[in-house]
Amino acid sequence: MSNLTKLALALALTAAAPAMAHDHGQHSSYSAGEPGDPTKPSRTIEIEMSEMTYEPIRIEVKRGEQIRFIIRNAGREDHEFQLATTKENLKHGAVMRKHPHMEHDEPNGVRVAPKKTAEIVWKFTKPGTFEYSCLIPDHREYGMTGHVTVK
Ligand SMILES: [Cu+2]
C-alpha cells in the first residue's frame, strides 16, 4: 500500500466514525428510561387511544418501576404511542412530517391499527416528566399527548 493510499484510507475512516457512533447512540439510549424485561414483575396500565386523545392522559409512576402498557386503539384510524421526552417527540414528529409512512421499530413506541391492542414493557429509570404522543402528522397537534410523572 502506498503512503497516499494509507492516507486516503485513514481520512475515510475518520469521516465515517462519527456517523457510526451517532447511529449507535440513538439505538442504545432512550430519553424516558429503558426497555423493560417482560420476565420481571410489572404493574399494568391500560391506555386507550382514539381520535384524538388518550385515556388516561396523565399517569404517575415511581422511579425504577416497571410498567406493562396495554395499548388499545378504540378509534377508526391508526394511532401511535411514542414514549419519550417532549423534545425528542417533537424532533421525531418533524421527521414524520417529511416521511409520513415511516415505520418504527423501537421498544419505546408502537403504532396500532384500529381495534387492535399492543404491549410495551418499560422501566422508568429516570425521574422527571415524560410524555406519550402520536406522531402521525397532525395527531399531536389535535391533542394526542399524555404525560408520565416519574417520582
Ligand atoms: Cu394518532
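Two strands pair if DSSP finds at least two bridges between them. Strands here are DSSP runs of E, at least two residues long, and helices are runs of H or I, at least four long, numbered from the N terminus. With that in hand, Glu60 stands opposite Thr149 in β10.

This is a predicted model, where local features need pLDDT of at least 70, side-chain atom pairs count only at pLDDT 80 or more, and totals for chains, interfaces and linings use all residues. Residues are numbered from 1 along each chain as its sequence is written, and side-chain values use heavy atoms, with hydrogens and water left out.

- Is His79 buried or exposed? His79 is buried, because its relative accessible area is 0%.
- Buried means under 20% relative accessible area, exposed over 50%, and partly exposed in between (1.4 Å probe, protein chains only).
- Met144 is buried as well.
- The His79 side chain makes polar contacts with the side chain of Glu51 (3.1 Å) and with the side chain of His139 (3.1 Å).
- A polar contact is a pair of N or O atoms within 3.5 Å; within protein, one must be able to donate a hydrogen and the other to accept it, and residues adjacent in sequence count only if both atoms are side-chain atoms.
- Leaving out residues up to four places away in sequence, His79 touches residues including Met49, Asn73, Val110 and Cys134.
- Contact means heavy atoms within 4.5 Å.

**Strands and sheet**

- An open sheet of five strands runs in the order β1-β8-β5-β2-β3, with mixed pairing.
- β1 (34–35) and β3 (53–55) stand at the edges with a single partner strand each, so one side of each is left without a neighbour in the sheet.
- β2 and β5 pair in the parallel sense over seven bridges.
- Within that pairing, Ile45 has Phe69 in β5 as its bridge partner.
- β4 and β10 also pair in the parallel sense, over four bridges.

**The nonpolar core**

- How many residues does the largest nonpolar core have? The core has 29 residues, and those with the most contacts inside it are Phe69, Ile71, Phe81, Leu83, Phe124 and Val148.
- Strands β2 (43–50), β4 (58–61), β5 (66–73), β6 (79–84), β7, β8 (117–123), β9 (128–133) and β10 (145–150) each supply at least two of its residues.
- A nonpolar core is a set of buried Ala, Val, Leu, Ile, Met, Phe, Trp, Tyr and Cys residues joined through side-chain atoms within 4.5 Å.
- Beyond its neighbours within four places in sequence, Val148 is in contact with residues including Ile59, Val61, Leu83 and Phe124.

**Loops and backbone**

- Asn108 sits in the loop between α2 (86–98) and β7 (109–112).
- Asn108 counts as buried because its relative accessibility is 7%.
- The C-alpha atoms of Asn108 and Leu83 are 5.4 Å apart, though the two residues are 25 apart along the chain.
- Most residues other than glycine have a negative phi, and most peptide bonds are trans.
- The peptide bond from Glu51 to Met52 is cis, with omega near -15°, and Met52 lies in the loop between β2 and β3.
- The bond from Glu55 to Pro56 is also cis, with omega near 0°.
- Lys115 has a positive phi, near 70°, and counts as exposed at 54% relative accessibility.
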